[in-house]
Amino acid sequence: MCRIRNNLTQLYAKDITPDDKQELDEALQREIQAAFRTDEIRRTPPTPQDEMRAGMSYFHETIWKGVPKFLRRVDTALKNIGVNERVPYNVPVIQFSSWIILV
């Protein structure tokens, strides 16, 4: 809950840039979603099916949405410092691992 409060405080600062606002919005969404998956909010323990749904949701958010967004940000950052080439698709910028075993 402390991170949610900190994100909200930063989000409403007067000198925030649009890029910072977007990142804080995304961080706030992640923190709220994570809070609903913890004992702090949840009243009953998660079932194995709940765990699987949460894992698949995380997989969807990080790989199908997050990775392309991250790579676009890397490209933009490189462009801002004068590098006019995009990161090649075959360069291992990110490596994944998981504790979830899919059967």
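Colleague: Which residues of H3 are buried?

Modeller: This is a predicted model. An α-helix has 3.6 residues a turn, so residues three or four places apart point the same way. In H3, the buried residues are Gly-55, Ile-63, Val-67 and Asp-75.

Colleague: Where in H3 does a kink lie?

Modeller: The kink, of about 45°, is at Gly-66, shortly before the proline Pro-68. After H3 comes Gly-82, with a positive phi near 100°.

Colleague: Which residues form the largest nonpolar core?

Modeller: In soluble globular proteins, nonpolar side chains tend to be buried together. Here the largest such core consists of five residues, namely Ile-4, Leu-11, Leu-24, Leu-28 and Ala-35. Helix H1 (2–11) and helix H2 (18–36) are the elements that contribute two or more residues to this core, and H2 provides the largest share, three residues. Leaving aside residues up to four places away in sequence, Ile-4 touches Leu-28, Glu-31, Ile-32 and Ala-35.

Colleague: What is the volume of the largest pocket, and which residues are the closest to its centre?

Modeller: Its volume is about 600 Å³. The lining comprises 17 residues, of which Glu-26, Arg-30, Gln-33, Glu-61 and Thr-62 are the closest to the centre. H2 and H3 each supply at least two lining residues, with the largest share, nine residues, coming from H3.

Conventions
Residues are numbered from 1 along each chain as its sequence is written. This is a predicted model: local features need pLDDT of at least 70, side-chain atom pairs count only at pLDDT 80 or more; totals for chains, interfaces and linings use all residues. Side-chain values use heavy atoms; hydrogens and water are left out. The bend at a residue is the angle between axes fitted to the seven residues ending there and the seven starting there. Helices (H or I, at least four residues) and strands (E, at least two) are DSSP runs, numbered from the N terminus. Buried means under 20% relative accessible area, exposed over 50%, partly exposed in between (1.4 Å probe, protein chains only). A nonpolar core is a set of buried Ala, Val, Leu, Ile, Met, Phe, Trp, Tyr and Cys residues joined through side-chain atoms within 4.5 Å. Contact means heavy atoms within 4.5 Å. On a 1 Å grid over the protein atoms alone, a cavity is a set of points where a 1.4 Å probe fits but cannot get out, and a pocket is an open set with protein on both sides within 12 Å along at least five of seven lines; lining residues have an atom within 4 Å of a point. Grid points are joined across faces, edges and corners, and a volume is the space filled by probe spheres set on the points.
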